[in-house]
Amino acid sequence: FFFGYFYFPLVKWNHSLIPEYSIDFIFCRNISNFGLHQFVKYPSLNKNFLDLIFASSDALISDVFNFPPISSSDHDCIDFKILTYDENKVLPVTHQPTRNFKNANYGNIEHLLLSISWPDMFNSCITIDDFYTRFIDILNIAIEKFVPKHTKKLDRSKKFPKSIIDAQRKKLLFWRKLKKNCNNFCQNSYKKQVNVVKNAIKTFYASEEKSLLDKRKLDSFFKFVNTRLKCKPKALNIMSNNKVVYDDVMKANLFNEYFASVFNIDDGFIENMVPRKVEKCSNITFDIATVHNALSKLKPTFSVGPDGLCAYFIKKLKNVLCIPLSTIFEVSYRTSKLPVLWSEALVVPVYKKNNPYSVENYRPISLCCVTCKLMESIIDSQILKHLSSNNIISEKQHGFSRRKCQTQLLQCKTSWLP
């Protein structure tokens, strides 16, 4: 099959009255000789059939429809489906329902968790896995009761205000009238409404960009710029042995093999360090106030880890979750054991650049348990505090520290320049 723009205005595909031996007649004769069929049933430019779809079989093309032109274009959009068969192709996987943590009833969840006596709940627990499993089981009960489900994939497309949506509907109405009565009045009315919609969208985006600049936030600015510069593939299609892989399990195995092949294996070698006589950091604490403070600093993201919890959910319930988490962290630190779930991660392949059909052009992002990262942040802050208070960190250490690169630049400027 093939499709595209063909300028043969004399050809009316709903009947065969064509001047003999004209270029249009020769084109139609060749189409017939090759056994091809034309599938567009309605004109795409005024009364002319110029945007066409050809195929050798009716089983290849289906659901051909005309839609309004994009922006101020004169040509209709032609929407159609290509029916193909592939031996590896499987039925499309429906989106698994996910939790809508943003619209959860946190008042009821907090009331439920406040009614639980955590010391009694943890009384029969022995290992750290027992503690964490009991904790997750209780949260899952609250999630099942008070957190709604997403049955469809979230639509992250730009939402226009009601005024623009109404203008787009009016444009669609004029387009339908133009298809029924192709006269100058309908054509002028449609073109006028096209300009109205175009200018309204242009003004809307200009207002959005001005508002972004007025906020003077660098992270929001660069996030906006990256969305305009980067073009991510809409579907995760991977090639293997010159064939497109449709099965999700096969895709996962291909990514797993590639990511495992580029990992560096730890050789166990440790540099010989000169022993230093410094005070040991032996007072790592996980009291309720410390855990509550760490929960307050969490970035409220919605990505869930292997335990099914996201940072937004945990931060929202910081006043009640700081108590059981304090106990879990203390037991884990005292026994030098981690819950099994904390050693697992959900690996998401993120497209980088070049050919999107190659696994080499994706990088793995590991989604770990938020509670594990929370405990790490508490230990990290207390160790850094100990190192700084005892002057153990060298003043020349600028990277991987709170001082970042500003102090390095200032030091270079004062020491290098006269």
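Of the 418 residues of the protein chain, 27% count as buried. Buried means under 20% relative accessible area, exposed over 50%, and partly exposed in between, with a 1.4 Å probe and protein chains only. This is a predicted model, in which local features need pLDDT of at least 70 and side-chain atom pairs count only at pLDDT 80 or more, while totals for chains, interfaces and linings use all residues. Residues are numbered from 1 along each chain as its sequence is written, and side-chain values use heavy atoms, with hydrogens and water left out.

**Whole chain**

The protein chain has 13 helices and 11 strands. Helices (H or I, at least four residues) and strands (E, at least two) are DSSP runs, numbered from the N terminus. Contact means heavy atoms within 4.5 Å. Among contacts with a separation of 6 or more, 61% join residues 24 or more positions apart.

**The cores**

Select Ile-109, Leu-113, Phe-135, Phe-313, Leu-321 and Phe-329. These residues have the most contacts inside the largest nonpolar core, which has 46 residues. A nonpolar core is a set of buried Ala, Val, Leu, Ile, Met, Phe, Trp, Tyr and Cys residues joined through side-chain atoms within 4.5 Å. Colour the elements that give two or more residues to this core: α2 (106-114), α4 (128-146), α9 (288-296), α10 (311-316), α11 and α12 (370-389). The most comes from α4, with 9 residues.

Now pick Ile-109. Beyond its neighbours within four places in sequence, Ile-109 touches Ala-104, Ala-142, Phe-146, Val-147, Phe-313 and Leu-317. Then move to a second, separate core of 10 residues, which includes Phe-6, Cys-28, Ile-31 and Leu-52.

Glu-110, Leu-113 and Leu-114 of α2 meet Asn-319, Val-320 and Leu-321 of α11.

Stay on α11, residues 318-335, and select Ser-326 in this helix. Is Ser-326 buried or exposed? Ser-326 is buried, because its relative accessible area is 9%. Setting aside neighbours within four places in sequence, Ser-326 contacts Phe-286, Asp-287, Ile-288 and Val-291.

**Cysteines**

How many disulfides does a search of the whole structure find? The search finds 0 disulfides, a disulfide being a pair of cysteine sulfur atoms within 2.5 Å. Select Cys-369: the nearest cysteine sulfur, that of Cys-372, is 6.7 Å away. Cys-369 is buried, with a relative accessible area of 0%. Step to Cys-372, where the nearest cysteine sulfur is that of Cys-368, 6.6 Å away. Cys-372 is buried too, at 9%.

**Pro-119**

Select helix α3 (residues 118-121) and find Pro-119 in it. Pro-119 counts as exposed, because its relative accessibility is 62%.

Go to strand β4 (residues 61-67), where Asp-63 lies. Asp-63 is not a glycine, but has a positive phi of about 55°. At 36% relative accessibility, Asp-63 is partly exposed.

Last stop: the loop between β8 (238-240) and β9 (243-245), which holds Asn-241. Phi of Asn-241 is also positive, near 55°. Is Asn-241 buried or exposed? Asn-241 is exposed, with a relative accessible area of 73%.
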